Amino acid sequence: MKKKRIGVFICHCGTNIAGTVDVKKVAEALSKHDGVVHSEDYVYMCSDPGQKRIVEAIKENDLDKVVVSCCSPNLHESTFRNAVKEADKNAFQCEIANIREQCSWVHPNMEEGTDKAIKITKTVVEKVKHNEELEPISVPVTRRALVIGGGISGIQAALDIANSGHEVILVEKSPSIGGHMIQLSETFPTLDCSQCILTPKMVEVSKHEKIKLLTYSEVQEVSGYVGNFKAKILKKPTYVDPDLCTLCDECTKVCPVVVESEFELGLTGRRAIYIPFPQAIPATYILDDTGCPGLLPIACGKCADVCDPGAIDFDQKPEIVEEEIGVIVVATGYDLYDKTNMGEYGYGKIPDVMDGLQFERLCSASGPTNGKIIRPSDLKEPKELVFIQCAGSRDPELHCAYCSKICCMYTSKHAMLYKHHVHDGQAYVFYIDIRSGGKGYEEFVQRTVENDGVLYLRGKVSKVFQDGDKVKVWGVDTLAGKDIEIDADLVVLAMAMRPSEGTEKLAKILKMSLDKDGFFSEAHPKLKPVESVSAGMFIAGAAQAPKDIPEAVAQASGAAAKAIGILSQERLYHSPMVAKVNKHLCTGCRMCVDVCAYDAISIKDGIAEVNEVLCEGCGTCSATCLRAAISVKNSTPYQVHEMINASLGG
Amino acid sequence: MTEEFEPKIVAFLCKWCSSAGSDLAGVSRMEYPSNVIPIQVLCSGSVSPLYILSAFNKGADGVLVSGCHPGDCHYIKGNYYSRRRIALLKELLNFIGLEPERFKMSWVSAAEGTKYTEVIKEFVDELKPLGAQTKLRRNG
């Protein structure tokens, strides 16, 4: 076999590397390393002339492998691999030695930095020496998208993808799309009516020929890989045929069962057969089988008796819908922090303590009080209203450590709306500090304070308790240095935002990772905010972190653009650094099959076989195999042993 | 013996979390001792016990394996396998008489540049009093 001819290129990165690493010395040391036939240094390898030097050096010296010692491979690996391709060599014959982030920037001593840079470069030379020539694996693309979650983010993502001409399956677990946004009264900072701006989009979804809407449905199983996923979706029975239902409302008049309304957040009740809200999409009544006795038709069945079009069908069964898709957008949104956690604020015990979403319903013209602000206990108009911000947020000891981001703004909006409804009332806001970054946001808060006379008190509330017909609020004003006691009529808590219920389960189904707070993790906090670490799966809206409507919409459009980027390809390319089985060593013991997180390995004719499309190349199989019969291409145990040797100066 | 002993450390850093965390330490210009030579692996789950033994055999005074936090593995569960395997290996190393301090596992996320530097500083400090590792060194 021909001896390898390796070229090494040391970048100065201006003084970023050359300031603390003697690049000439590194180039010289490497020129003597086994297999290296060319070694040079240059001020900016990533510059156009720098890349040309690589191309020319490959041609002049007949190099077949290249190591560039420069910044992190996350930055310029593809730059240099493309340069190598330009010189008609295989891209995988180029490797990057990180001598900047992991060396020059952290070791100010020139001697130490130089010594380490030499070792790092030699380590990578040993790796590239044994690299195979690889070509990306190509797979066809199923040009359809699955969007999970029908709130504003999911709606926006679905519409954007559908408008690009690709089919979308939009799955929503509740009976109607609209999410939390449809529950809101007005939106900050414009005071647009939330329903008025959302319902046109909901209607567009329902009428869009490219969107298949599955409400009251949940994703149960997802298999496959980017470009070719298969999803099993459970469609729960609604017992009402939406095509026959005329929304005449005769059924609710006879239904004997009353339960708390989810849409009105318990502020009022609904029947077992109901429509979540008048503008619900799909526009149909549904029957909630948890409360309905009619599933045993002898017991009830009154609704079916009065239903003229015969839309009610007690025999409907859960149905599994199977869909093939190429990409997935997760837009599962948020829920408010569980009220049972906030004992100190009396939430759940005192009737006149409510959360921000309940207050939205109270303000809403379509709400249970038709927009009249009255308190639950005695239906009187509250004259003293206390808002408590950061209820459950920014409290690492007891609750959530993070800031829920939107509460400063919506509390300001609530206080303003309250004053618009109750002119002679007084609103107080307890806050830690006001975070009003956003277009027109700070001005909005100022308006609440200056025009509406809302009293902002910087400090936390220590206790909230019932005192006669008042809700006593004990707090502190840290600016005035005074204890504060307010006899409030109503207390509204700006509860923390949590990932929506079922997020953890869905993450397991999708094999997506969650962050420490349980939100979906983005692939990179700055540069990949809508991608997840799983290829072909994107995140939109509050499923990723608390965010307001404009941000959720922007991220949804971003996620849609990324999804369209995949759907518009004929074929996709997958990293070829995947596991490979040595058939002579494999005994078919199945240990690799058991540890593979991607179900990429199966046993065929008594030995392991890797599905290269499913394999992500993590190498867990390789570390598990007792006979070293399976290893990841270009990251083989032999290569690692050689790298270890070089790293120790061997 | 005027010069202080400088331990040689091999660090297996997973690409997605710990190597990225170490990049962040660089971007943030956090100084730490230069004793560590990083070897990037795709996942801590790919680090075979043989790699660790091989590093000691080739003269490492300390070996570090660093991956994503449990539950945060880029490859879903690779770090869990790594954790189990390494717990067993630690017992083995102990059994054959290698100081347990010579081998370390840490969880460093892509956002934890500070933690990475702390891990390295701490490890170097722990290794210095132990002197050179000869137990498993070839011809040692």
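These legends go with a set of close-up views of a predicted model.

**View 1. The parallel sheet of chain B has four strands.**
Here you're looking at an open sheet in chain B whose strands run in the order S2-S1-S3-S4, with parallel pairing. Strands S2 (36-41) and S4 (103-107) of chain B sit at the edges; each has a single partner strand, so one side of each is left without a neighbour in the sheet. On average, and ignoring direction, neighbouring strands of this sheet are turned by 20° against each other. Zoom in on S1 (residues 9-14) and S3 (residues 62-67) of chain B and you'll find 5 bridges holding the two strands in the parallel sense. One residue to look for is Val10(B), whose bridge partner in S3(B) is Val63(B).

**View 2. A helix from chain A lies across the chain B sheet.**
Which strands does helix H17 of chain A lie across? They are S1 and S2 of chain B. The helix covers residues 637-647 of chain A, and its direction is at about 165° to S2(B).

**View 3. Cys17(B) and Cys68(B) form a disulfide.**
The two sulfurs of this pair are 2.4 Å apart. The torsion about the S-S bond is about 100°, so the disulfide is right-handed. This link joins distant parts of the chain, 51 residues apart: Cys17(B) is in the loop between S1 and helix H1 (18-27) of chain B, while Cys68(B) is in the loop between S3 and helix H3 (78-95) of chain B. Both ends are tucked away: Cys17(B) is buried at 9% relative accessibility, and Cys68(B) is buried at 4%.

Cys73(B) is buried, at 4% relative accessible area.

**View 4. Chain A has a disulfide between Cys193(A) and Cys196(A).**
Over all chains the structure holds 2 disulfides, and this one joins Cys193(A) to Cys196(A) with an S to S distance of 2.3 Å. The link is right-handed, with 80° about the S-S bond. Are these two cysteines buried or partly exposed? Cys193(A) is partly exposed, with 27% relative accessibility, and Cys196(A) is partly exposed as well, with 49%.

**View 5. Gln102(A) has contacts in both chains.**
Gln102(A) belongs to helix H4 (residues 100-104) of chain A. Its relative accessibility is 6%, so Gln102(A) counts as buried. Leave aside the neighbours within four places in sequence, and what does Gln102(A) touch? From chain A, the contacts are His107(A), Lys116(A) and Ile120(A). From chain B, they are Leu13(B), Ser19(B), Ser22(B), Asp23(B), Tyr32(B) and Pro38(B).

**View 6. Two charged side chains lie over aromatic rings.**
One of these pairs brings the two chains together: Arg29(B) lies over the face of Trp105(A), at 3.7 Å from the ring centre. The other is within chain A, where Lys463(A) lies over the face of Phe465(A), at 5.3 Å from the ring centre.

**View 7. Phe263(A) and Phe277(A) stack.**
There are 9 aromatic pairs over all chains. In the pair shown here, the ring centres of Phe263(A) and Phe277(A) are 4.5 Å apart and the planes meet at 20°, under the 30 degrees that counts as stacked, so the pair is stacked. Phe263(A) is in the loop between strands S13 (258-260) and S14 (269-271) of chain A, and Phe277(A) is in the loop between S15 (273-274) and S16 (286-287), so the pair ties together parts that are 14 residues apart in sequence. Phe263(A) is buried at 10% relative accessible area, and Phe277(A) is buried at 5%.

**View 8. An antiparallel sheet in chain A has three strands.**
This open sheet has the order S11-S12-S17, with antiparallel pairing. S11 (217-225) and S17 (319-325) of chain A are the edge strands, each with a single partner strand, so one side of each is left without a neighbour in the sheet. From one strand to the next, the twist averages 20°. S12 (residues 228-235) of chain A is joined to S17(A) by 7 bridges.

Technical notes. Residues are numbered from 1 along each chain as its sequence is written. Chains are lettered from A and ligands numbered from 1 in the order in which they are written. This is a predicted model: local features need pLDDT of at least 70, side-chain atom pairs count only at pLDDT 80 or more; totals for chains, interfaces and linings use all residues. Side-chain values use heavy atoms; hydrogens and water are left out. Rings of Phe, Tyr and Trp (its six-membered ring) pair if their centres lie within 6.5 Å; planes under 30 degrees apart count as stacked, over 60 as edge-to-face and the rest as tilted. Buried means under 20% relative accessible area, exposed over 50%, partly exposed in between (1.4 Å probe, protein chains only). A charge sits over a ring if NZ of Lys or CZ of Arg is within 6 Å of the ring centre and within 35 degrees of the ring normal. Two strands pair if DSSP finds at least two bridges between them. Axes are lines fitted to C-alpha atoms, for helices over the stretch in contact, and angles run from 0 to 180 degrees between N-to-C directions. Contact means heavy atoms within 4.5 Å. A disulfide is a pair of cysteine sulfur atoms within 2.5 Å.
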